[in-house]
Amino acid sequence: MQTMTTYSFKDKKALVRVDLNVPQDANGNVTDDSRARAVVPTVKKILKDGGSAILMSHLGRPKGKVNPTMSLKPIAEHLAGLLGVPVQFATDCVGPDAKAKAAALKPGEVLLLENLRFHPEEEAGDEGFAKSLAALGDVYVNDAFGTAHRAHASTTIVAKFFPKDKLFGSLMQAEIDSVGKVLESPQRPMTAIVGGSKVSSKIDVLENLIGKCDELIIGGGMANTFVKAMGGQTGSSLVEDDLLEQARTIIAKSEAKGVKLHLPTDAVVADAFAENANTDQCAADAVPDGWMALDIGPDSIKAFSEAVLRSKTLLWNGPMGVFELKPFQQGTIAIAKALAEATEKGAFSLVGGGDSVAAVNQFGLSDKISYVSTGGGAMLEYLEGKVLPGIAAIREA
Ligand code: AMP
């Protein structure tokens, strides 16, 4: 398989699927350009080799119709600033303008195509549409990890038109390598920390991780369902009563596999889901009626941090509490700090697939984590052990 290091882009037109789905304010200004910045290394390598780059992406949810508020045109200008070269723009991703501009592209030049999702064929994975995209380039690079879990025309189907000349971009490769370090060949002990609001959205992740990790920490709102499943009192906390049996199965499976399971032993509780609620602390299995557990307590912080600090490989998905509200962010901050400290001591840490990414960014700790994933839904599916179509399409012979 070709990689960004082995492949020479000299005199090649690289058709690159990127993720330029940047958040914008009401006036179309980019409010966070991390995704645009993440595109730069792959494009620079192509240009440095003496190739040219044809970039394609989606933006927003135009639902298969042209919607000027979701045009990628302003992003072309933004990207030009980041790349330090002009970025040409085609008013459609297929058709005469794209064809002519792609044909005229010279080594060192960059062309951005208009929003792929202005065509319903993109999300439908239409083969004819994928073929029209493929006709624009000589080599296909997929660098859009955020959409790797979708079998869309530009993320998956297009790859079949490049049987030999297809590869992962630098960002996608980094995501794949990081997951590999955690799930395929981890240094032991390996600890997974799973939090967030609901068990229902993390069951497959938990099931997959039980087969891979040595210690499993469960925090956040989802821990309440486990606490109740073991006979604890959870007051008015968020609990999924229909999942109590499933929680017991997960506990039994961890035991059977010799995975050390950590649940919160204490909690920060509140009498309302609000910043100005009255708060208190209590045992995690003795939350009084009318009160809800919104963060892990100091004993849990201590036990969880100790587990993190004795690990060589760490995976974190989902916050330990309602970190968006100040009174309930201590647990999430403490885990983020423990991860940073373990990383400094030589552990490999991956944060991905949920609000824990927002948390490490918010607390200014992302630089102290080995790898912070850029793909929310894609990372979650990857951690569930699913084969992502965008990855399979490049790997398939
Ligand atoms: P997820 O998207 O599943 O990772 O969940 C993230 C959300 O879980 C965040 O918005 C948190 O506020 C929320 N959350 C974390 N802990 C709790 C809790 N104890 N009760 C209710 N919501 C929580």
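User: Hi! Before we start, what counts as a polar contact?
Analyst: A polar contact is a pair of N or O atoms within 3.5 Å; within protein, one must be able to donate a hydrogen and the other to accept it, and residues adjacent in sequence count only if both atoms are side-chain atoms. This is a predicted model, where local features need pLDDT of at least 70 and side-chain atom pairs count only at pLDDT 80 or more, while totals for chains, interfaces and linings use all residues. Residues are numbered from 1 along each chain as its sequence is written, and side-chain values use heavy atoms, with hydrogens and water left out.

User: Great. Which backbone atoms lie 3.0 Å from a ligand nitrogen?
Analyst: A polar backbone atom of Ala-293 does, and so does a backbone N or O atom of Gly-221.

User: And what does Glu-324 do there?
Analyst: One of its polar side-chain atoms is 2.4 Å from an oxygen atom of the ligand.

User: New topic: how is the protein divided?
Analyst: Into domain 1 (13-168) and domain 2 (175-383), with bounds from an automatic or database domain assignment. Their C-alpha centres lie 36 Å apart.

User: What area do they bury between them?
Analyst: About 610 Å², 77% of it on carbon and sulfur atoms; buried area is the accessible area (1.4 Å probe) that two parts lose on being put together, summed over both. On domain 1, Phe-145, His-149 and Phe-168 supply 81% of the area buried against domain 2.
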